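I'll jot things down as I look them up.

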Amino acid sequence: MSMQAYGAIPKVRQFQYGRITCDGPWLLLNTALETARKVQPDPDFIIITGDFPAHKLQCRAITLNVIANITATVQAKFPRALVIPTVGNNDVFPDYNMTLPNGPIHDQMETLDAIWRP
């Protein structure tokens, strides 16, 4: 996958596995998943913590695209595992907008549910 598929085009020099205070690149995700697959090739379930998207993305569509791409990547590496995601503060747009029950987050949660539902 390219950085464009990830949803953000970096404006700073890229480091192979990322750097402190920056969001991790696809190479880091894929390397972590490949290593996990070597350690446990067929887990019953995988819990993945939230905060998938980079900080301060420009729109909701990019945020949801990142979440969908990462979810699909984890599911492709572990097709028989039940993937259990959790929601982080950057998994909504704008960041930290977690107003419930009838705030703007409600529609986003329905979209995330559709992405994550087996």
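This is a predicted model: local features need pLDDT of at least 70, side-chain atom pairs count only at pLDDT 80 or more; totals for chains, interfaces and linings use all residues.

**Helix against helix**

I started with helix α2 (residues 26-39) and helix α3 (residues 60-77), which pack at an angle of about 25 degrees with their axes 10 Å apart. Helices here are DSSP runs of H or I with at least four residues, strands are E runs of at least two, and both are numbered from the N terminus. The axes are lines fitted to C-alpha atoms, for helices over the stretch in contact, and the angles run from 0 to 180 degrees between N-to-C directions.

What does the angle make of the pair? α2 and α3 are therefore roughly parallel to each other. I noted the cut-offs: under 35 degrees is roughly parallel, over 145 roughly antiparallel, 65 to 115 roughly perpendicular, and the rest oblique.

Next I checked who touches whom, where contact means heavy atoms within 4.5 Å. From α2 the contact takes Trp 26, Leu 29, Asn 30, Leu 33, Glu 34 and Arg 37, and from α3 it takes Asn 69, Ile 70, Thr 73, Val 74 and Lys 77. I sorted the residues of this contact into five nonpolar, three polar and three charged. For that sorting, Ala, Val, Leu, Ile, Met, Phe, Trp, Tyr, Cys and Pro are nonpolar, Asp, Glu, Lys and Arg are charged, and the others, Gly among them, are polar.

**What I'm working with**

Residues are numbered from 1 along each chain as its sequence is written, and side-chain values use heavy atoms, with hydrogens and water left out.

**Salt bridges**

How many salt bridges does a search of the whole structure find? I got three, a salt bridge being a side-chain nitrogen of Lys or Arg within 4 Å of a carboxyl oxygen of Asp or Glu.

One of them joins Arg 37 to Glu 34, with the closest N and O atoms 2.9 Å apart. Both residues sit in helix α2, three residues apart, about one turn of the helix. I looked up accessibility too: buried is under 20% relative accessible area, exposed is over 50%, and partly exposed is in between (1.4 Å probe, protein chains only). Arg 37 is partly exposed, because its relative accessibility is 30%. Glu 34 has 27%, so it is partly exposed.

Glu 34 also meets Lys 77 in a salt bridge (2.6 Å, N to O). Lys 77 is in helix α3 and Glu 34 in helix α2, so this pair ties together parts 43 residues apart in sequence. Is Lys 77 buried or exposed? Lys 77 counts as buried, because its relative accessibility is 18%.

Then I found Arg 80 with Asp 42, their closest N and O atoms 2.5 Å apart. Arg 80 lies in the loop between α3 and β2 (82-85) and Asp 42 in the loop between α2 and β1 (45-48), so the pair ties together parts 38 residues apart in sequence. Arg 80 is exposed at 68% relative accessibility, while Asp 42 is partly exposed at 35%.

**The whole chain**

Last, I stepped back and found four helices and two strands, in the order α-α-β-α-β-α along the sequence. Of the 118 residues in the chain, 32% are buried.
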